[in-house]
Amino acid sequence: MKNSKISLCFVLILISSTCCAGGKELNLSFCSSIKNDLYSALKSCGYKCPRSDTAIDAVKHAKPGSGVLVLADGYPSVRIHIDPAVFDIAANKRLKLYIEYPEAIPNIELAEPRKVCWERIVVASSTFGEHLPMLQILTAHECVFIPCKAEKPLLVFARVAGFDKAVFGLPQETHPALFEKENLLIATTKLSSFITSRYAPTKAWQAVWEHILSVLDPENRPSIEWTPIVRPMFGPSQPLPKDFEARAFKKAVEYYHHSRLLIHSSEEEEIHRLLKAGLETRPVPRPDSASGDGSHGILEGYASQIRYDGSQDQRIPIRSDCNAEVAMVLALSWAVNGDAKSRNVAQNLLDYVYFTSGMHSRERGNPEHPAFGLISWGNIAPAWEIANYSDDNARVALSTMVAAACLNTDRWDENLLRILLANLRTTGTLGFRGDRIDMPNIEAQGWKAYNDSPTINYSPHHESYLWACNLWAYKQTGYKPFIERTKTAIRMTMEAYPNGWRWKDSIERSRMLLCLAWLVRLEDTPLHRQWLYQIADDLIARQDKSGAIQELFGSGPTGFNIPQSNEAYGTTETPLIQENGDPASDQLYTTGFALLGFHEAYAATGDKRLKQAEDKLAEFLCRIQVKAPKIPYLDGTWFRAFDYRKWDYWSASGDIGWGAWCVESGWGPAWITTVLGLRLKGTSIWDLTSGSRIIEKFHTVQQQMSANKGGPWAKIGN
């Protein structure tokens with residue numbers, strides 16, 4: 001790159017006055033729309049390229065020996081039709097042709113177009129040199145391509161496992177994406193849609209295009225730069241404004257209001273119909289669609305798949321945890337910035353969760369039912385309604401604590417206490433509750449079967465936030481059962497650390513910090529501090545200089561299923577990395593919870609090392625916040641994956657539900673925003689919620705809970 005002052009990994013400059021070309025005319029001609037990404041990018045870089053509306057005109061006017069690019073502007077519905085005379089003229093004038101998504105090519109059999117599913121683009125040739133080595137992986141999102149056969153293709157579509165590289169090599173079935181034939185370079189899809197379609201990673205696609213352009217115009221070997229339409233807010237070393245955290249917090253709050261995820265009354269019936277039919281996604285609504293006010297809930301987020309036009313489908317499950325977590329964020333916006341609109345939406349969301357949605361009513365609202373007090377995983381969809389996840393219940397409770405404190409209300413205290421006591425009585429004798437308890441099971445066995453079970457589940461991902469809730473509840477009520485079994489489970493979990501843990505990864509370490517910090521708040525002993533520092537130090541050891549927390553696995557089996565073959569890619573929940581050393585941070589499962597853990601740990605101990613780790617991570621997250629002014633429903637949030645070496649949104653994306661580019665309304669993005677708000681307010685969750693009046697509801701809720709003695713539901717009548 002000639003313009004070396006600004007890193008490509010941050011923002012690739014599009015302004016022609018600063019571009020390297022300086023108005024240079026290339027030996028290239030285009031048949032394309034003036035809006036085509038490649039043509040526009042070259043023009044913005046200052047290059048002069050003649051353009052025609054038809055391929056025949058382009059080759060007729062092209063200089064002998066030059067290159068001509070015929071681009072697929074009707075993609076994906078229209079394939080490029082090329083008059084056979086084009087090939088004759090090109091041969092006579094010694095032209096080099098680049099053709100994409102063609103209807104026909106002489107002497108090449110082309111099949112009907114098909115859409116990629118789990119296939120990615122893989123480098124299948126050494127032609128690209130060190131910038132794109134053999135087996136490197138790229139992504140052309142939701143690509144439609146034309147199957148055909150080609151000898152020695154440069155790029156292929158293939159289903160492969162791996163982070164950057166196809167670690168198991170190429171599978172038997174591949175399809176050419178880019179290949180050469182005599183004077184032709186043929187792309188079986190629209191490679192020139194790399195900006196609009198958000199192809200990734202950016203630097204790799206720069207190398208692809210600079211190679212193609214150098215083949216077509218070896219005399220000039222043009223370079224190309226562009227600004228991705230979705231990019232990090234700041235570069236890795238870009239100077240930050242003094243109020244960067246306040247800006248990031250405000251931007252993240254604003255995101256929820258323009259995310260198109262808040263359900264409007266006019267669309268509720270249709271969303272419910274889709275959920276009942278078993279669907280989990282829908283296309284993003286129109287920009288002028290009405291936004292809800294929280295009284296009908298909020299959707300889960302955005303799916304990872306990116307469509308050819310750069311859009312992303314919405315994930316439409318209506319989850320209790322996401323609704324409560326968004327309410328927490330918006331309530332904090334009221335507390336920090338006096339944001340009345342956010343205050344009102346926050347209250348509506350929690351009212352929806354507890355009073356109008358059914359997630360905390362029906363069986364769960366019946367004191368005689370064994371599931372009384374629990375809160376469902378989600379609403380409307382049967383598969384989501386039956387589940388009572390331990391961690392989801394915990395994050396609903398934590399979010400309610402924070403929102404109630406920010407809004408200075410006891411409106412949901414009774415509901416909160418029901419959740420806390422219901423989860424406590426379905427926790428086993430050793431303090432572990434297990435991942436989830438589904439409604440048919442608790443009805444068949446009763447809650448006492450779980451209470452009496454010696455369950456062991458060394459999985460902080462599922463257990464540790466309930467432990468934090470129990471410690472908080474003990475502080476507020478003095479009810480000893482909240483702390484007794486919890487301390488046993490924490491002790492056993494730390495004694496099993498790390499090899500006995502189920503996942504053994506960065507995710508579970510991040511989740512464990514909160515309960516250990518709050519245990520120190522209650523009992524500041526050398527052993528409890530030792531446990532806290534043990535986990536914190538392990539996380540700090542894997543903190544990159546950028547501030548990112550690197551995803552790492554421990555030895556042995558993990559909770560995630562790492563693909564062990566190309567065929568396994570895309571078949572289950574998987575991590576962002578294929579192997580340790582892959583430079584990914586996870587904003588869905590890890591960094592938001594690590595930020596919260598460091599924040600509460602510093603508040604509990606005053607240890608400056610913990611504060612330093614928190615500050616570095618907070619800065620990193622502010623830098624990688626999504627900047628997408630042209631796609632406002634993504635602007636201000638966080639994608640799951642980030643490659644902190646490329647400084648790009650990139651990773652393995654084989655997770656069957658939550659891939660690299662997914663966005664959750666709750667989970668990591670909500671906790672990142674919450675901690676930024678707490679930092680601005682100069683407090684912690686423990687201190688912010690210290691004035692809770694939940695004890696005033698304790699006797700009432702205990703009486704309600706006593707209506708069921710713990711037996712199967714069928715035995716007490718239904």
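Helix axes are lines fitted to C-alpha atoms over the stretch in contact, and angles run from 0 to 180 degrees between N-to-C directions. Helices (H or I, at least four residues) and strands (E, at least two) are DSSP runs, numbered from the N terminus.

This is a predicted model, in which local features need pLDDT of at least 70 and side-chain atom pairs count only at pLDDT 80 or more, while totals for chains, interfaces and linings use all residues. Residues are numbered from 1 along each chain as its sequence is written, and side-chain values use heavy atoms, with hydrogens and water left out.

Helix α10 (residues 390–407) packs against helix α14 (residues 460–477) at an angle of about 40°, the axes being 8 Å apart. In this contact (heavy atoms within 4.5 Å), the α10 residues include Ala394, Leu398 and Met401, and those of α14 include Tyr465, Leu466 and Trp472.

Strand β1 (residues 28–31) has both faces covered: Leu28 and Phe30 on one side, and Ser29 and Cys31 on the other, are all buried. Buried means under 20% relative accessible area, exposed over 50%, and partly exposed in between (1.4 Å probe, protein chains only).

| Partner of β1 | Sense | Bridges | Residue pair |
|---|---|---|---|
| β3 (residues 67–70) | parallel | four | Leu28 and Gly67 |
| β2 (residues 51–52) | parallel | two | Phe30 and Arg51 |

The model has zero disulfides, a disulfide being a pair of cysteine sulfur atoms within 2.5 Å. For Cys31, the nearest cysteine sulfur, that of Cys49, is 14 Å away. Cys662 is buried at 2% relative accessibility, and Cys31 is buried at 9% relative accessible area.

Definitions and conventions. Two strands pair if DSSP finds at least two bridges between them.
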